[in-house]
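This report describes one protein chain for a reader who has not seen the structure before.

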Amino acid sequence: AENCRLIREKKRIEGESNGESERKKEADLEIERLTKLNDNHTKLQQQSDDKLSKNDIEIHQLKQKIEETRRQIGAAETLKNKRETDIGSTLETKRDIQKEIQKILGSNDKIEDENKGLQIRLKDFEAQLIQLNSRIESTYSLCEKKEKDLRATKSNLLHAEDQLTEIKE
């Protein structure tokens with residue numbers, strides 16, 4: 001459209017100034033300048049369109065990357081939630097195990113207390129056993145002494161019987 005206007009302007013100028021070659025040359029130079037400007041404008045417009053097209057492609061690629069990143073984030077969040085659930089159940093299991101350990105430790109404490117009581121009773125029983133053993137030994141010694149005395153008495157009796165039998169005869 002700009003070229004058409006320029007051409008009309010040229011024809012008008014040519015028509016008005018058939019004899020004025022200088023003005024015609026100026027007009028030709030102006031047309032040439034304007035044509036170059038128009039060509040430059042067209043070239044710049046094409047470059048701008050190319051850049052816009054390239055930018056559109058880059059924007060599309062970035063949108064795809066953003067979508068992929070969102071999918072990865074969603075997958076990561078799902079995995080994170082699963083791990084949090086696993087950690088929660090692991091912590092719950094750990095608490096249950098700790099409760100059982102506390103019960104066992106409590107039972108163990110009771111058993112240790114009972115064991116201490118039994119050890120005390122065992123020591124008392126051992127002391128009583130030692131006393132009984134000592135009494136048995138002293139009683140056994142006494143019995144041996146009495147048995148010895150009885151043998152001596154029996155021997156004396158037999159000797160006395162022999163003497164009686166001798167006297168009777």
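Helices (H or I, at least four residues) and strands (E, at least two) are DSSP runs, numbered from the N terminus. The model is predicted: local features need pLDDT of at least 70, side-chain atom pairs count only at pLDDT 80 or more, and totals for chains, interfaces and linings use all residues. Residues are numbered from 1 along each chain as its sequence is written, and side-chain values use heavy atoms, with hydrogens and water left out.

The chain has two helices and zero strands. Helix H2 covers residues 21–168. The C-alpha trace spans about 210 × 20 × 20 Å along its principal axes. The radius of gyration of the chain is 65 Å, whereas a compact globule of 169 residues would have one near 15 Å. This radius is taken over C-alpha atoms, and the globule rule is 2.2 Å times the number of residues to the power 0.38.

Of the 169 residues, 4% count as buried. Buried means under 20% relative accessible area, exposed over 50%, and partly exposed in between (1.4 Å probe, protein chains only). The chain exposes about 15,700 Å², of which carbon and sulfur atoms supply 55%. Accessible areas come from the Shrake-Rupley method with a 1.4 Å probe; for residues, only the protein chains shown count as cover.

A salt bridge is a side-chain nitrogen of Lys or Arg within 4 Å of a carboxyl oxygen of Asp or Glu. By this rule the count is seven.

| Arg70 | Glu67 | 3.0 Å |

Arg71 and Glu68 both lie in helix H2, three residues apart, which is about one turn of the helix. Arg71 counts as exposed at 52% relative accessibility, while Glu68 is partly exposed at 35%. Arg70 is exposed at 53%, and Glu67 is partly exposed at 37%. Lys103 is exposed at 54%, and Glu100 is partly exposed at 41%.
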